[in-house]
Amino acid sequence: MFFIAAPFGNYLKFKDIISVSGTWTLNPRPGRILQVLKTLRYTKYGWVNKLGLRNKGIDYGLKHPRDILSIAAVDPHEWWDLHKKIPKTASVEINLGCPNTPQNLYPGFASFTRNPREWCIAKIPPTITEKDIDFIINAGFKQIHACNTIPTDKGGLSGRDVMPHTIRCLKYIKKVHPHVEVIAGGGIYSSEDVQKYKDYGADHFSLGTICFTPWKIKGVIKMSQYY
């Protein structure tokens, strides 16, 4: 299965590909367009941004649904409020890896695993430790998205530099927690990149940076079917 990562999933929709919208926070965080203009840059290492989860808030996200809601808390207590607002059967991706917001906001995030959701995904940071991976899985998550962008001084770095971190997490999860489904993302630009993640045991694939050139997406997916 292929996923269109947030925030690209807000705008792109393809047949047989899951779109992830957001990332939504409990309250609106205005200034998205300005932050895009100020911080989104292409470097020799890949795309860098420092958007800081600018969005219109979860209430807006619920009125404009996609297949999966990506959500994040900027305060630990917000997980409980988000859980109350979001329907118990709605598919969610818990964003635990945004480099532009406070980290380790664990209290309450696992409450989403107690409901009958088709997708209840934990999106993890590339810097995560094996101990924290264990913690997240033991909290009830059976679907992990590895990984988010790499934290840098200028913001989150996406692209091929994420791939080694994703592979590290993927190898560990498949070795220690083989029952967990892993969505591999980071640096997928071709069917060969998809195959590389497959070779390490990835179950699904998340498309992010390639969405800057959306006309290439169908080609990557079509060619991946021949492997």
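**Core and helix packing**

The largest nonpolar core brings together 56 residues, with Ile-71 and Ile-217 having the most contacts inside it. A core here is a set of buried Ala, Val, Leu, Ile, Met, Phe, Trp, Tyr and Cys residues joined through side-chain atoms within 4.5 Å, buried being under 20% relative accessible area (1.4 Å probe, protein chains only). Helix α5 (residues 163-176) gives this core its largest share, six residues. A second, separate core has eight residues, including Ala-6, Ile-68, Trp-119 and Ile-121.

The model is predicted: local features need pLDDT of at least 70 and side-chain atom pairs count only at pLDDT 80 or more, while totals for chains, interfaces and linings use all residues. Residues are numbered from 1 along each chain as its sequence is written, and side-chain values use heavy atoms, leaving out hydrogens and water.

Next come α6 and α7. Helices (H or I, at least four residues) are DSSP runs numbered from the N terminus, as are strands (E, at least two). Helix α6 (residues 191-199) packs on helix α7 (residues 217-224) at about 50°, their axes 8 Å apart; axes are lines fitted to C-alpha atoms over the stretch in contact, with angles running from 0 to 180 degrees between N-to-C directions. The contact (heavy atoms within 4.5 Å) involves Ser-191, Val-194 and Lys-198 of α6 and Val-220, Met-223 and Ser-224 of α7.

As for burial, α6 has Ser-191, Asp-193, Val-194, Gln-195 and Tyr-197 buried. Their cover includes β1 (2-4), α5, β11 (181-185), β12 (204-207) and α7. Just after α6, Gly-201 adopts a positive phi of about 100°.

Terms used:
Buried < 20%, exposed > 50% of the residue type's maximum accessible area, 1.4 Å probe, protein only.
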